[in-house]
Amino acid sequence: MADQLRVLVVDDEVEIRRFLRVSLTAHGHMVFETNSGQEALRMVVDHRPDLMILDLGLPDMDGVRVTRRIREWSKIPVIILSVRSQEQDKILALDAGADDYLTKPFGVGELLARMRVVMRRVITMEGDPVYRAGDLQVDLSRRLVTVGQREVSLTPTEFDLIKVLAQHAGRVVTHRQLIQQVWGNSYEDADRLLRVNITNLRKKIEANPSKPVHLMTELGVGYRLEGDDQG
Amino acid sequence: MMDTYHRPDPDELLAQVQAEEKRQTRGKLKIFLGYAAGVGKTFAMLEAAHQRRSQGIDVVIAYVQTHGRKETEALLDGFEVLPQRQSSYRGVTLCEMDLDGVLHRKPRLAVVDELAHTNIPDSRHSKRYQDVEELLAAGIDVFTTVNIQHLESMNDVVRQITGVTVRETIPDRLMDEADEIEVIDLPTDELIQRLREGKVYVPDQAVHAIEKFFRKGNLTALREISLRRAAERVDDQMRSYMRTEDISGPWPAGDRILVCLSSHPLGERLIRAGRRLADDLNAEWMVVFVETPGHLKMPSENRERIQRNLNLAEQMGARVEILSGAQVAETILTLARHNNVTKILVGKPLRSRWYELLRGGSVIDQIIHASGKIDVYVVSEEAQQRTISTPARAQRVRWESYLKSVLLVSVVTVVSLPVYGRLEPTNLVMFFLAAVVISALWFGRGPSILASVLSVVAFDFFFVHPRYSIAVNDTEYVLTFIGLLAVGLIISSSASLLRDQVDQLRQRESNARAVNALSKELTAAVNLDSVLQVVIRVLGQTFKRDVIILLPEGSNLNEKAATKGFSIDDNEKGIALWAYHNGQPAGRGTDTLSATAMRFMPLKTSRGVVGILGVKSIDQSRYLTQDERMLLDNFANLSALAIERASFAEQANQAESLRSTERLQSALLNSISHELRTPLSSIIGALTSLEEDSCTRNTAGRLTHATRLELIRSASGQARALNRLVGNLLDMTRLQSGQVRLNAALTDVQELIGAVLGQMQDRLHDREIDVSAPDDLPMVMMDAMLVGQTLINLLDNAVKFSPPGSRICISVVLLETLLQFSVQDQGLGIAEEERTRIFDKFYRGSAAGQASGTGLGLAICRGIVEAHGGSIWAENLVQGGLNVIFTIPMSEPES
């Protein structure tokens with residue numbers, strides 16, 4: 001991953017911006033800041049940042065709207081910052097196209113990890129069709145999933161699921177996004193099907209389904225296939 | 001020492017003081033009294049108003065009718081004249097005083113012409129004097145004008161003198177309570193002169209009547225009356241002064257007058273006569289109406305007249321009593337003796353002498369006969385009033401009853417024929433007597449009288465020698481006939497009286513039962529809402545009316561409960577508000593705003609008005625009868641007491657919950673300030689050490705790399721703890737304020753536990769976590785995030801209160817319709833008495849001494865579990881350790 005990223009930080013709290021500026025600059029990134037959504041939209045055009053860190057609660061327009069507007073014309077990776085009472089907004093923003101989220105307060109380590117993951121998506125979009133994490137390997141082109149040396153036999157739906165998750169490896173995928181991509185828009189009872197398939201998938205790829213290490217649940221939000229976070 | 005006889009009566013003094021107090025907060029009323037139109041009342045009033053204005057007093061003209069007279073109009077110059085309220089009634093636009101406008105303007109003195117005016121029906125009050133009273137009550141002084149013939153008690157005197165019935169009247173008490181009365185006098189000749197010159201306003205349609213009215217004789221009489229009336233007033237004031245100052249003087253003998261009211265039209269006259277007599281003698285007076293069983297059958301017209309008369313009497317200042325009894329004279333005399341009455345006023349009977357004789361003498365005769373020392377005055381009727389409404393009872397006794405008694409007598413005759421000869425004829429009389437008694441009991445008075453007469457005839461014809469002829473040989477039988485007839489009449493009379501009494505008793509009893517039932521139900525009602533529901537239901541059922549209850553909230557009235565689907569509009573609400581502020585009934589059937597369909601009654605207790613009861617008749621043509629009104633009043637009183645009791649209880653509850661909220665708040669502050677400060681201290685400590693070290697590093701660099709790392713880890717750990725605390729507080733607040741909406745979705749419990757363990761990795765890194773959950777658990781509807789939070793809090797507690805490194809077990813089992821979670825640790829458990837308390841807010845178990853916490857974690861768990869309809873509890877494990885168990889009911893998914 002490119003060492004130096006151009007990062008746009010959108011938050012109305014000065015202290016948060018200062019903290020992000022100091023930490024990110026220390027890690028060699030270049031930081032642009034603003035406290036307003038309108039300004040953020042303009043700065044995406046003017047400064048062509050590689051990544052945007054967007055707070056959900058902005059004074060002029062909320063983060064969900066900013067995300068929607070950005071997604072009308074840009075694929076720039078967006079990481080949402082939310083607080084605990086904004087669960088619903090968080091999901092809306094993810095559905096609207098944000099790439100991942102962090103709940104305040106968070107550590108710099110977590111932020112950097114998320115940044116790496118969302119940047120990798122951009123890089124692997126066209127490239128490597130094989131996903132690896134620990135002993136799990138998903139070969140998208142051959143439709144082959146292995147755990148260690150053991151080949152796992154999946155139903156077509158289960159494979160579609162793990163495919164979508166693998167394509168977004170390391171990032172959260174909301175329930176709705178999964179349902180949309182696997183079952184299409186209006187599939188009755190898709191909610192139940194999703195849970196059932198995830199459970200089955202876990203039984204096949206996890207050593208202990210109660211303590212998953214690959215297919216993680218983000219309570220109330222969606223699922224995340226742990227990425228092989230080696231940078 | 002003064003003779004005690006001269007001492008002012010303490011009660012009287014108190015009344016005087018109260019009247020004085022009332023007067024001080026009330027506005028002062030000055031009446032310009034005239035004896036006819038055109039004497040110059042308005043003119044005099046305006047002149048007086050000018051004088052006041054020149055003294056710097058804030059005077060407004062609330063309503064003045066100048067009738068186009070130039071000199072009067074000229075007098076309006078310089079005054080602030082308030083706009084009148086325009087209102088169209090039956091297509092004609094009419095002007096009325098704008099009462100609310102005046103109240104809003106709140107002048108010191110308002111000038112209101114023509115006190116006796118009747119307002120148009122959409123006004124708040126039916127009469128202008130009521131408007132004026134409201135102004136006075138609001139502390140506004142009022143100047144007003146009135147003619148003597150408008151005075152209630154003068155009404156019929158005036159009619160007798162002039163032959164003109166005045167319909168617009170004002171109660172005498174206004175005159176009595178007026179602070180000042182100015183008689184506007186003008187010699188009669190001059191007045192007639194003015195009339196001829198066209199200086200007196202005469203409405204076109206009344207020219208003829210006015211001419212009749214303005215005869216010299218009439219005017220002189222009226223003038224005399226008004227002067228006398230004013231003089232009486234002065235006399236009253238003087239006496240009142242003498243009383244308070246304890247000046248001995250010619251005290252009145254303490255007459256007490258009792259006016260006996262009946263249902264006939266004479267009643268009104270009687271009351272006026274009573275009032276005049278009471279005034280003349282300066283005596284107390286009361287009006288009594290004795291309800292007899294017969295009144296139950298009275299036509300509603302008569303009942304309403306009685307009600308009107310009783311109201312009139314009350315308006316004129318009489319004490320009103322309604323008694324019931326079959327013997328009118330006896331009841332009246334008992335009351336009279338109990339109250340030391342000295343004079344009784346009764347009306348001259350309207351019925352013929354014969355009728356009265358048949359009924360055992362008129363009530364008057366009976367009263368006079370038994371009155372002893374009490375004087376009895378008989379007031380005569382006027383010729384034109386001889387329109388007696390036929391007693392309805394005669395019409396109501398159906399002809400079948402007569403037929404039946406004829407048949408009965410025939411049967412007795414036929415039955416007696418075969419036994420004739422074996423029994424003495426005189427004994428056969430017994431059969432006929434039996435027939436008469438039966439007729440009296442079953443068919444009523446008329447048929448039984450018929451039966452008596454027929455019995456005599458039949459007995460004579462069939463059984464008395466010579467048989468089959470009216471003639472009688474033995475004159476002894478004449479005695480038998482008379483005896484039979486007399487016994488028959490007496491029995492029929494008393495039996496039918498008995499029947500009536502039973503009827504009346506039944507009516508009374510059903511009323512009493514209704515009141516009783518209501519009071520029982522009200523006693524059973526536990527809170528204000530159920531009290532209101534009971535009142536609405538019982539009243540609705542009893543009176544077949546829509547019922548509404550309004551209770552005060554701040555300065556407003558809120559509809560608290562009503563018959564299903566019933567509500568009132570703003571207009572009606574305004575009436576209710578008036579009734580509330582004035583503590584008097586308003587609306588239909590009352591004097592105030594009677595043009596509406598609803599009647600509003602204040603719910604009064606000794607502490608004041610607690611609310612308003614509104615009833616709306618479903619059948620608009622029917623008014624409440626006297627009995628029903630009394631019952632309704634009873635109901636209202638009962639309801640008022642119950643509502644007051646319930647609202648007291650509610651207030652006490654609120655106060656209690658407020659106190660406990662306060663306790664909670666102080667507990668919160670104690671707990672929070674401690675819990676916030678501890679992590680903040682270590683964070684600030686760590687950071688300042690680092691800061692200082694960084695500043696001095698170049699010179700000394702005292703901290704080793706390891707120490708620095710330790711400080712940093714401690715600070716960040718404490719910061720996370722702080723974050724958890726804030727998170728808990730936030731959750732608690734949201735749960736409490738009901739902001740939390742369950743975001744229920746089908747949840748895989750295994751997955752849930754996995755996610756929770758994943759989130760708690762750091763906290764649990766040194767623990768062995770044992771998860772036991774059956775593989776075939778169904779998915780359950782729940783808010784995964786909240787239930788996850790519950791598990792997190794429970795695990796957090798388990799970590800806190802068990803030895804480091806010990807095992808923690810999470811288990812899930814399916815119990816029919818419940819999903820049961822449990823979290824077990826190997827700590828010390830809790831004392832038995834704390835088992836339920838640990839789920840209370842801010843309660844910290846005794847074992848929690850050294851561990852940090854706000855006592856919120858478990859309270860949040862309980863909040864979440866209960867929001868799901870489940871329950872949570874704690875048990876000590878036999879092998880040691882605490883087991884916290886919670887259940888989530890499995891409901892069918894909605895989709």
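Reply: In helix H25 (residues 749–759) of chain B, eight of the 11 residues are buried, so this helix is largely enclosed by the rest of the structure. A residue is buried if 20 or more other C-beta atoms, placed from the backbone, lie within 10 Å of its own; with 12 or fewer it is exposed, and in between it is partly exposed. Helices (H or I, at least four residues) and strands (E, at least two) are DSSP runs, numbered from the N terminus. The buried residues of H25(B) are B:Val749, B:Gln750, B:Glu751, B:Leu752, B:Ile753, B:Gly754, B:Ala755 and B:Val756.

The model is predicted: local features need pLDDT of at least 70 and side-chain atom pairs count only at pLDDT 80 or more, while totals for chains, interfaces and linings use all residues. Residues are numbered from 1 along each chain as its sequence is written, and chains are lettered from A and ligands numbered from 1 in the order in which they are written.

Another helix of chain B, H20 (residues 476–524), has 49 residues. From its first C-alpha to its last it reaches 70 Å, close to the 72 Å expected, where the expected span is 1.5 Å times one less than the number of residues. Its buried residues include B:Tyr477, B:Leu484, B:Asp500, B:Gln504 and B:Leu522. B:Ala512 also lies in H20(B). This residue is partly exposed, because 13 other C-beta atoms lie within 10 Å. Its C-alpha is separated by 8.5 Å from that of B:Leu631, 119 residues apart along the chain.

Chain B also contains paired strands, where pairing requires that DSSP finds at least two bridges between two strands. Strand S25 (residues 882–889) runs antiparallel to strand S23 (residues 818–824), and seven bridges join them. S25(B) also pairs with strand S24 (residues 872–876), in the antiparallel sense, over five bridges. B:Asn883 of S25(B) is the bridge partner of B:Gln824 and also of B:Glu875. S24(B) and S25(B) form a hairpin with five residues between them, and B:Gly880 in the turn has a positive phi of about 95°.

Some details of the backbone deserve attention. Most residues other than glycine have a negative phi, and most peptide bonds are trans. B:Glu816, in the loop between strand S22 (808–815) and S23 of chain B, has a positive phi of about 50° although it is not a glycine. It counts as exposed because it has 5 C-beta neighbours inside 10 Å. In chain A, A:Arg143 has a positive phi near 50°; its place is the loop between strand S7 (136–139) and strand S8 (144–147). A:Arg143 is exposed, since 12 other C-beta atoms lie within 10 Å. A cis peptide bond, with omega about -5°, joins A:Lys104 and A:Pro105. A:Pro105 is in the loop between strand S5 (100–103) and helix H5 (108–124) of chain A.

Finally, the two chains meet: 18 residues of chain A are in contact with 21 residues of chain B. Contact means that the C-beta atoms of two residues, placed from the backbone, lie within 7 Å. On the side of chain A that touches chain B, helix H8 (190–205) and strand S11 (215–218) are the elements that give two or more residues. H8(A) gives the most, with five residues. The residues of this side divide into six nonpolar, five polar and seven charged. Ala, Val, Leu, Ile, Met, Phe, Trp, Tyr, Cys and Pro count as nonpolar, Asp, Glu, Lys and Arg as charged, and the others, Gly among them, as polar.
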